[in-house]
Amino acid sequence: MQKLALFRLHLIVFLWGFTAILGKLIHANAQILVFYRMLFAAVFLFVFIRIYKKESIKVSRKIFFQLAGIGCAMALHWYCFFYSIKVSNVSIALSCLSLSTLFASILEPVIFKREIDISEVVMGVVIVACILLIFKTEFHFKEGIIYGILCAVFGTVFSVFNGKMFGKTSSGNIIFYEIFSGWIFLAIIYMFTGQIFQIHEINYRDLALICLLASVFTAFPMLESVKLMKYISPFTLILTVNLEPVYGIILAFFIFGESEEMSPIFYVASGVMILAIIVNGLMKARKQKNFN
């Protein structure tokens with residue numbers, strides 16, 4: 001069962017890595033893409049939870065507003081991610097995601113009231129140095145890098161606060177209300193900015209791809225990742241999720257070719273960041289094992 005769980009885990013991480021590929025294949029802008037992604041994903045989750053599983057989606061008002069706040073961070077995370085891809089490329093957006101580990105090392109001790117881990121600080125310094133190196137060598141992608149960094153910030157906020165919600169209601173309800181609230185949040189913003197009138201500016205090809213993105217590459221892996229927590233440790237999940245940029249960058253290179261070719265320094269810096277994250281994870285695992 002353990003081997004099957006690990007296979008399923010790598011499968012969903014691969015699917016997450018492919019979301020960036022779909023983001024580039026979809027011609028619609030980031031605003032429209034994220035709007036429909038969250039709408040379709042919320043519909044799929046509602047049908048699965050309420051109609052297929054016949055489970056209740058009732059939650060308390062307090063939990064609903066907590067999930068709504070996290071959903072807003074999720075919406076901003078996805079918007080910045082796809083906008084980064086649109087103005088630069090897949091490799092830039094995915095490499096910036098590595099900063100999530102740094103931001104988590106700062107935010108987690110505050111939220112969960114634990115001491116700051118020195119190894120996380122050291123790793124953070126290494127990651128920042130690598131990002132600065134990428135920024136210097138790939139300065140023509142500066143807008144994509146900035147939005148990639150913002151994507152990592154909102155992604156960290158979403159992940160850390162999401163960790164505090166599990167156990168307060170069913171996992172399906174948590175994911176559903178976060179995505180649905182994120183969609184409502186975007187709809188309100190678009191109404192005030194006038195972007196709501198651009199929502200219809202999308203072709204059937206993009207709608208089909210977004211539908212695929214929302215179901216196979218969003219709703220399914222999110223639900224599957226929650227189920228896998230019964231069989232694998234949170235550490236294994238986090239460590240494997242760090243392979244998402246690796247899968248995505250490799251896929252992008254083979255699918256899009258020249259538009260994804262970066263300087264040698266970019267690949268060295270990205271490799272060092274990912275290696276730093278993996279080494280830090282292994283050190284934590286050994287420390288935890290010795291502690292037990």
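The structure is a predicted model, in which local features need pLDDT of at least 70, side-chain atom pairs count only at pLDDT 80 or more, and totals for chains, interfaces and linings use all residues. Residues are numbered from 1 along each chain as its sequence is written, and side-chain values use heavy atoms, with hydrogens and water left out. Helices (H or I, at least four residues) and strands (E, at least two) are DSSP runs, numbered from the N terminus.

**The second largest pocket**

- Rolling a probe the size of a water molecule over the atoms shows where empty space is left.
- A pocket is an open set of points on a 1 Å grid over the protein atoms alone, where a 1.4 Å probe fits, with protein on both sides within 12 Å along at least five of seven lines; lining residues have an atom within 4 Å of a point.
- The second largest pocket holds about 250 Å³ of space, where the volume is the space filled by probe spheres set on the points, and grid points are joined across faces, edges and corners.
- Eleven residues line this pocket, and those nearest its centre are Glu-55, Ser-171, Gly-172, Leu-223 and Lys-227.
- Helix H2 (30-52), helix H8 (171-193) and helix H9 (204-228) each give at least two residues to the lining, and H9 has the largest share, with three residues.
- The lining has four nonpolar, three polar and four charged residues; Ala, Val, Leu, Ile, Met, Phe, Trp, Tyr, Cys and Pro count as nonpolar, Asp, Glu, Lys and Arg as charged, and the others, Gly among them, as polar.

**Helix H11**

- Helix H11 covers residues 244-256, and its 13 residues reach 18 Å from first C-alpha to last, close to the expected 18 Å; the expected span is 1.5 Å times one less than the number of residues.
- Buried means under 20% relative accessible area, exposed over 50%, and partly exposed in between (1.4 Å probe, protein chains only).
- The buried residues of H11 are Glu-244, Pro-245, Gly-248, Ile-249, Leu-251, Ala-252 and Phe-256.
- Down the axis of H11, these buried residues fall within an arc of 165°, so they line one face of the helix; the arc is that of the directions from the helix axis to the C-beta atoms.
- Phe-253 is also in H11, but counts as partly exposed at 37% relative accessibility.

**The annotated domain**

- An unreviewed UniProt entry places the feature "domain: EamA" at residues 10-135 and 144-279; UniProt positions are in the numbering used here, feature names are shortened, and annotations may be inferred rather than shown by experiment.
- Over residues 10-135 the chain is 83% helix and 0% strand, with 30 Å between the end C-alpha atoms.

**Single residues**

- Most residues other than glycine have a negative phi.
- Lys-54 is not a glycine, yet has a positive phi of about 55°; this residue sits in the loop between H2 and helix H3 (61-87) and is exposed at 66% relative accessibility.
- Ser-100, in helix H5 (residues 99-111), is buried at 18% relative accessible area.
- Ser-100 and Gly-155 are 55 residues apart in sequence, with 6.8 Å between their C-alpha atoms.
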